[in-house]
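Please keep the sequence and the structure open while reading.

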Amino acid sequence: MTQENSASSAMREEAPYGGATQNLKRVRTRHFANAKKNGIKITGLTSYDQLTARIFDEAGIDFLLVGDSAGNNVFGYETTLPVTVDELIPLVRAVAGAASRAFVIADMPFGSYEANTRDAVHTAIRMMKETGAHAVKLEGGIRSADQIRHIVDAGIPVMAHIGFTPQSEHQLGGHVIQGRGAGEDQLLADAKAVEEAGAFAVVLEMVPADAAAKVTAALSIPTISVGAGPHCDGQLLVWTDWAGLTQGRIPKFVKQYAQIGQTLRDAATAWKSDVENGEYPGPENSY
Ligand SMILES: Nc1nc(=O)c2c([nH]1)NC[C@@H]1CN(c3ccc(C(=O)N[C@@H](CCC(=O)O)C(=O)O)cc3)CN21
Ligand SMILES: CC(C)C(=O)C(=O)O
Ligand SMILES: [Mg+2]
C-alpha cells in the first residue's frame, strides 16, 4: 500500500473521533488533499506566539497561520500594510517551535512578493530557512500566479488567498465582500489560476456562501473559509477575534468561543484591588 493510501484510510478511521488529522504525527499538505477527498473539515487558527501555538496544537487544530494580522493584533497597527518580513520572522519561529502536530504557515507581508518572482522566492526561502514553517501564504489570484508557481518550483508549499485580501484594502475600498454578482466570475478565475500555479489550498475571505460553494466544487485543492460560509473544505479565524480579545469592530463572520478580554480585565481589576487592600501577597505567596 502506498503512503497516500495508508494516510487516507487512516483518516477515514479517525474521522468520527477527531477531525481531519487527529492521530497524525505531523500534518502535511497531502492531508489537506485527503481531507477534501474524504469530506473531513480542516481547521486553522492564527497564532503569533508559543503559548497559543502550544494550546491550539494540543487541541488538534490542523494548521496555524502566523498571519500578517500580527500587525493589528501584536504590533497595534491599523492595517497589515506596515508589517515587515523582519517583524514576522521571530513570531513564525516561536509558533513553529511550539507546534508538534499542526502545519505551520507563514504569511508573506505586503511588499515582500508583489514586484517580481525573484522577491517572492527570496522571501519564501527566508521564511522557511529562518523560522521552521512548513509553508507560506500570499494574497492574490491571477495577479500572484507567477509568484506562486516560482515558490512552488523552489520546493515550498503555497497557500493562496483570494476574495477580500486585506493587503489591498485601499484598492478594494475597505472591508468589502468580494465575489458578488459579476465578481463571482473573477473569483472563479482567480481560484483556477492559483490551483494551476500549484497552490495546495486557497483561503477565500469574505465571499458569499454560494460563490464559495461553486469555487469549492470547481477546484481539486481544498478551500479554506474566512467568512466564506459553510461549504468550504475548511475554516480559519483570527484567534484574537474568535477568543474575544480584539478591541473594536469584529466582522460578522466571526463567532466568539471565549471572552478572554473580559477575563483578563476582571483578573487585572481583582489583582489591583487585592494589592491595594493588602490581600496579595498572602502568606502562601511569600517566603
Ligand atoms: N479575517 C480577518 N480579516 C481582516 O481583515 C480582519 C480580521 N479578520 N479581524 C480584524 C480586523 C477587523 N476587520 C474587519 C473586517 C470586516 C469588518 C466588517 O464589519 N465587515 C462587514 C461586511 C462589510 C460589507 O458589507 O462589505 C460585516 O458585516 O462583517 C470589520 C472588521 C479587518 N481585520
Ligand atoms: C485572515 C487570514 C487569512 C490572514 O491572512 C491573516 O490573519 O493575516
Ligand atoms: Mg494575512
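## The loop between β2 and α4

Asp68 is in the loop between β2 and α4. This is a predicted model. Ser69 belongs to the loop that runs from β2, residues 63–66, to α4, residues 70–73.

Both residues make polar contacts with ligand 2. A polar atom in the side chain of Asp68 is 2.8 Å from an oxygen atom of this ligand. For Ser69, a polar side-chain atom lies 2.5 Å from an oxygen atom of ligand 2.

## Ligand 2 and its surroundings

Which residues surround ligand 2? They are Thr46, Leu65, Gly67, Asp68, Ser69, Asp107, Lys137, His161, Glu205, Leu236 and Val238. By type, the shell around ligand 2 has 3 nonpolar, 4 polar and 4 charged residues.

Asp107 also has a polar side-chain atom 2.9 Å from an oxygen atom of ligand 2. On its own, ligand 2 would expose 260 Å², and the protein buries 95% of that area. The site of ligand 2 is the largest pocket.

## Positions listed in UniProt

An unreviewed UniProt entry lists Asp68, Ser69, Asp107 and Lys137 under "binding site". These residues are spread over 70 residues of sequence, yet they cluster in space, with a largest C-alpha distance of 12.5 Å. From this set, Asp68, Ser69, Asp107 and Lys137 are part of the lining of the largest pocket.

The unreviewed entry also gives a "binding site" made up of Asp68, Asp107 and Glu139. Here the spread is 72 residues of sequence, and the residues again cluster in space, with a largest C-alpha distance of 10.9 Å. The lining of the largest pocket includes Asp68, Asp107 and Glu139.

Which of the 13 residues around ligand 1 come nearest? These are His175, Glu205, Asp241, Arg249 and Lys252. The shell of ligand 1 consists of 8 nonpolar, 1 polar and 4 charged residues. The space that ligand 1 takes up is the largest pocket.

Some contacts of ligand 1 involve the protein backbone. A polar backbone atom of His175 is 3.3 Å from an oxygen atom of ligand 1. A polar backbone atom of Ile177 is 3.1 Å from an oxygen atom of ligand 1. The side chain of Glu205 takes part too: one of its N or O atoms is 2.5 Å from a nitrogen atom of ligand 1. Of the 660 Å² of accessible area that ligand 1 has on its own, the protein covers 77%. Glu205 is also one of the residues surrounding ligand 2.

## Two points of backbone geometry

Most residues other than glycine have a negative phi, and most peptide bonds are trans.

Where is Met206 found? Met206 is in the loop between β6, residues 201–205, and α10, residues 209–218.

Pro281 is located in the segment after α12, the helix of residues 260–276.

How values were computed
Residues are numbered from 1 along each chain as its sequence is written. Chains are lettered from A and ligands numbered from 1 in the order in which they are written. This is a predicted model: local features need pLDDT of at least 70, side-chain atom pairs count only at pLDDT 80 or more; totals for chains, interfaces and linings use all residues. Side-chain values use heavy atoms; hydrogens and water are left out. A residue is near a molecule or strand if one of its heavy atoms lies within 4 Å of it. A polar contact is a pair of N or O atoms within 3.5 Å; within protein, one must be able to donate a hydrogen and the other to accept it, and residues adjacent in sequence count only if both atoms are side-chain atoms. Accessible areas come from the Shrake-Rupley method with a 1.4 Å probe; for residues, only the protein chains shown count as cover. On a 1 Å grid over the protein atoms alone, a cavity is a set of points where a 1.4 Å probe fits but cannot get out, and a pocket is an open set with protein on both sides within 12 Å along at least five of seven lines; lining residues have an atom within 4 Å of a point. A molecule sits in a cavity or pocket if more than half of its atoms lie within 2 Å of its grid points. Ala, Val, Leu, Ile, Met, Phe, Trp, Tyr, Cys and Pro count as nonpolar, Asp, Glu, Lys and Arg as charged, and the others, Gly among them, as polar. UniProt positions are given in the numbering used here, feature names are shortened, and annotations may be inferred rather than shown by experiment. Helices (H or I, at least four residues) and strands (E, at least two) are DSSP runs, numbered from the N terminus.
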